[in-house]
Amino acid sequence: MNESENRSLRPSFREAISRAERQVGYREMKRRSEKLEHIMNMEIVHELCAIMAEVYMMSPDRQIRISGEWLEVELVQSVFKELTDEHVIQVMTDFNRLCYDITNKKAYLRAMLYNSAFSLQASVRNETNSH
């Protein structure tokens, strides 16, 4: 299959972002945020969904840089497909705690999303133990 045929099989950005939003329960998060009057940074959640969508649209046979390492896009896509609302909330919480400037916000958030798939349970345990 040539590159133009491969490109035509990929979803549009709108379709990809809708998929990411469904995957992480974006609408429910937004409703919960409004209902509980809890200040959840929905702008960051939307950015995270857009980053996921961008990765979903990439050709799987390419590479992408995550935390300074080149990884196969196919691997990153498969990791991102496992992300849930808990991962997104953890990334948003950790990002909001940062006390230094980020020079490349998109790359930083992409790395945080990727790494969250491997560190969520440790983070939850750590927070539970600290209370």
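Mentor: Two strands pair if DSSP finds at least two bridges between them; strands (E, at least two residues) and helices (H or I, at least four) are DSSP runs, numbered from the N terminus. This is a predicted model, in which local features need pLDDT of at least 70, side-chain atom pairs count only at pLDDT 80 or more, and totals for chains, interfaces and linings use all residues. Residues are numbered from 1 along each chain as its sequence is written, and side-chain values use heavy atoms, with hydrogens and water left out.

Trainee: What makes E1 and E2 a pair?

Mentor: Strands E1 (residues 63-66) and E2 (residues 69-72) share 4 bridges in the antiparallel sense, and the definition asks for at least two. Gln-63 has Glu-72 as its bridge partner, and Ile-66 has Glu-69. The two strands form a hairpin with 2 residues between them, and Ser-67 in the turn has a positive phi of about 50 degrees.

Trainee: Why are H4 and H5 called oblique?

Mentor: The axes of H4 (residues 42-57) and H5 (residues 73-80) cross at roughly 135 degrees and come within 9 Å. Angles under 35 degrees count as roughly parallel, over 145 as roughly antiparallel, 65 to 115 as roughly perpendicular and the rest as oblique; H4 and H5 are therefore oblique to each other.

How values were computed
Buried < 20%, exposed > 50% of the residue type's maximum accessible area, 1.4 Å probe, protein only. Axes fitted to C-alpha atoms, helices over the stretch in contact; angles between N-to-C directions.
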